[in-house]
Amino acid sequence: MLEFYYKMRITVLTGAGISAESGIPTFRGEDGLWEGFKAEELATPEAFERDPIKVWEWYCWRREVIGKVKPNEAHKILANWQGKYDLWIITQNVDGLHQKAGSKKVVELHGNIWRLRCSKCGRVWEDREACRKIPPRCSCGGLARPDVVWFGEALPEWALRKSYELAGASDIFIAVGTSGIVQPAANLPSIAKSFGAKIYVINPEPTIHSEIADIFIQDKASTGLRRLDEALQDKRPS
Ligand code: NAD
Ligand code: ZN
């Protein structure tokens, strides 16, 4: 007898909030400032042009914080969903914690803090030791920058295209730990909704997404996902 086993298509959009419980500050939270600077003053092409060393110092501080932390329960639950569901994660985070938890299908909308990009020849490479001598340089002599998307910059084309495609083809779309302020990621839940996905939002605070959510779980990422994990178990064919 033929058995059909349909795996629910789940897309999860994550923001800085999912890594908060690992100990990485969000930009807009109370610990988001660095030496009195806001992220918006450092994470821009203009800031890098003006003072690459200052921008690199900030990234080196963030690398140090991120290098020490571990994925938390929320990252682990999502990694565990890979076998159960047809799952993709779209993350705005640059910390690589989803991959560290074991997730494979991850779209990085804003790049990755462990990668560098040459501002002269465009080469991209990973270097965990880049902060030994700042500003780091490419083999061509060009100044290297973090391979992340800064305020005012376009998102990587493939990542954006894939995200829209996923938003248009999900049974369930979940936004976790994202304020919904940073575009174009902020549009994804409403696109998913217009294509018929059921929208879940997990955040300790109401956001613009919680207004359009079918279910708003007002909770931290770890406990919120644990609750959702249990609720979804009941819906799976046994
Ligand atoms: P954001 O705009 O995504 O907002 C953070 C959200 O997380 C807020 O809505 C807040 O209520 C929520 N939050 C706080 N604690 C939470 C918890 N324990 N569980 C679930 N949600 C929680 O993030 P931002 O900090 O304003 O950053 C803007 C951009 O910078 C985004 O691209 C963001 O991903 C990036 N960023 C990345 C990292 C990282 O890689 N870890 C850290 C800071 C910022
Ligand atoms: Zn180069």
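1. Residues are numbered from 1 along each chain as its sequence is written, while chains are lettered from A and ligands numbered from 1 in the order in which they are written. In this predicted model, local features need pLDDT of at least 70 and side-chain atom pairs count only at pLDDT 80 or more, whereas totals for chains, interfaces and linings use all residues; side-chain values use heavy atoms, with hydrogens and water left out.

2. Asn 93 sits in the loop between β2 (86–91) and α6 (97–100), and its relative accessibility of 8% makes it buried (buried is under 20%, exposed over 50%, partly exposed in between, with a 1.4 Å probe and protein chains only). Beyond its neighbours within four places in sequence, Asn 93 is in contact (heavy atoms within 4.5 Å) with Thr 14, Gly 15, Ala 16, Ile 18, Ser 19 and Gly 111. The side chain of Asn 93 reaches the backbone nitrogen of Ala 16 at 3.0 Å, and makes a polar contact with the side chain of Ser 19 at 3.4 Å.

3. Cys 121 belongs to the loop between β4 (111–118) and β5 (124–126) and Cys 140 to the loop between β5 and β6 (144–148), so the pair ties together parts 19 residues apart in sequence. Cys 121 is partly exposed at 48% relative accessible area, and Cys 140 is likewise partly exposed at 35%.

4. The largest pocket holds about 950 Å³ of space. Of its 43 lining residues, Gly 15, Ala 16, Thr 26, Phe 27 and Arg 28 are the closest to the centre. The elements giving two or more residues to this lining are α1 (17–20) and α4 (52–68), with the largest share, four residues, coming from α1.

5. The structure holds one cavity of 30 Å³ or more, and the largest cavity has a volume of about 80 Å³. Among the residues lining the largest cavity are Thr 26, Phe 27, Trp 58, Trp 61 and Arg 62.

Methods
A polar contact is a pair of N or O atoms within 3.5 Å; within protein, one must be able to donate a hydrogen and the other to accept it, and residues adjacent in sequence count only if both atoms are side-chain atoms. On a 1 Å grid over the protein atoms alone, a cavity is a set of points where a 1.4 Å probe fits but cannot get out, and a pocket is an open set with protein on both sides within 12 Å along at least five of seven lines; lining residues have an atom within 4 Å of a point. Grid points are joined across faces, edges and corners, and a volume is the space filled by probe spheres set on the points.
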